[in-house]
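This report describes selected side-chain contacts. It treats charged pairs, then aromatic rings, then charges placed over rings.

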Amino acid sequence: MSNIPAFGLGTFRLQGQVVIDAVRTGLELGYRAIDTAQIYGNEAEVGQAIAESGVAREDLFLTTKIWVENYSKDKLAASLEDSLRKLRTDYVDLTLIHWPAPDNGVPLAEFMTALADARAKGLTRQIGISNFNIDLTKQAMAAVGKDAIATNQIELSPYLQNPKLVGFLQEQGIHVTSYMTLAYGKVLGDATLGAIAQRHQATPAQVALAWAMQRGFSVIPSSTKRENLASNLLAQTLQLTEEDMAQIAALDRNGREVSPEGLAARWDD
């Protein structure tokens with residue numbers, strides 16, 4: 001079983017002082033898992049905020065993701081060492097391959113093996129994948145063994161529920177991490193989520209996050225506002241009913257927000 005925290009702080013699109021403040025505030029409020037990536041260009045700022053927070057390293061769960069240009073076996077570990085320097089730590093808890101990038105010239109088996117080697121060197125405690133479809137997840141499992149893959153971090157929201165991929169991952173015992181759980185805020189105005197939120201005296205964001213956690217997913221919402229960071233954390237104590245869950249299940253509309261050309265593979269329908 002993966003020991004990935006159910007709730008973390010995402011840092012996608014947050015830069016400079018904005019990310020320093022968000023991470024500092026998150027840590028003050030009790031967040032202990034932080035998710036970043038090489039391509040976000042904010043690992044150094046995340047590292048600074050953590051260093052200045054006074055929170056002990058062993059109390060944190062840090063995730064980063066290897067960017068496409070670092071996939072080859074002669075670059076991957078060195079790029080992760082560079083990430084560790086920026087994050088001011090000797091290891092990260094989880095390192096993911098950010099996108100499968102099927103046509104970028106580095107075979108999947110090569111980058112998965114290089115990632116497993118980085119783990120063997122102690123640079124990362126766990127390894128995993130992000131944005132992989134069923135076929136590519138199978139290839140990753142074949143390359144490093146199913147048990148080596150701690151999670152597949154994928155876009156999931158009430159509007160994009162990915163039933164085939166989620167079903168496959170859960171069947172295989174690969175933990176699911178949901179990003180974009182609020183669909184760039186699009187779900188926040190949803191009438192169904194609004195009605196559920198009212199019944200529970202909660203917010204639509206809390207409902208969407210609680211839905212994902214009740215499905216067994218980890219979530220990594222980001223925010224720059226203290227009140228939203230605090231409010232999102234309360235999703236952990238919100239218990240939705242079976243009827244609530246059924247109503248949210250009916251909202252799926254394959255509403256994908258992120259699928260970059262050349263980085264994404266073909267999605268499972």
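Helices (H or I, at least four residues) and strands (E, at least two) are DSSP runs, numbered from the N terminus. The model is a predicted one, in which local features need pLDDT of at least 70 and side-chain atom pairs count only at pLDDT 80 or more, while totals for chains, interfaces and linings use all residues. Residues are numbered from 1 along each chain as its sequence is written, and side-chain values use heavy atoms, with hydrogens and water left out.

**Salt bridges**

A salt bridge is defined as a side-chain nitrogen of Lys or Arg within 4 Å of a carboxyl oxygen of Asp or Glu. Under this rule the count is 10 salt bridges, including those tabulated here.

| Pair | Closest N and O atoms |
|---|---|
| Glu52 and Arg24 | 2.9 Å |
| Lys86 and Asp82 | 3.4 Å |
| Asp190 and Arg253 | 3.9 Å |

Because Lys86 and Asp82 are four residues apart in helix α3 (residues 76-87), about one helical turn separates them. Accessibility is classed by relative accessible area (buried under 20%, exposed over 50%, partly exposed in between; 1.4 Å probe, protein chains only). Lys86 is partly exposed at 36%, and Asp82 is partly exposed at 30%.

The salt bridge of Asp190 with Arg253 ties together parts 63 residues apart in sequence, because Asp190 lies in the loop between β7 (175-179) and α7 (191-199) and Arg253 in the segment after α10 (242-249). Asp190 is buried, with 9% relative accessibility, whereas Arg253 is exposed at 52%.

**Aromatic rings**

Rings of Phe, Tyr and Trp (its six-membered ring) pair if their centres lie within 6.5 Å; planes under 30 degrees apart are stacked, over 60 edge-to-face and the rest tilted. The whole structure contains five aromatic pairs. One of them, Tyr71 with Phe111, is tilted, at 4.7 Å centre to centre and 50° between the planes. Tyr71 lies in the loop between β3 (61-66) and α3, and Phe111 in helix α4 (residues 108-120), so this pair ties together parts 40 residues apart in sequence. Both Tyr71 and Phe111 are buried.

Trp99 and Trp267 are edge-to-face because their planes stand at 70°, with ring centres 6.4 Å apart. Trp99 is buried at 4%, and Trp267 is buried at 16%.

**Charges over rings**

A charge sits over a ring if NZ of Lys or CZ of Arg is within 6 Å of the ring centre and within 35 degrees of the ring normal. Arg253 lies over the face of Tyr159, 3.5 Å from the ring centre. Arg256 lies over the face of Trp267, at 3.8 Å from the ring centre.
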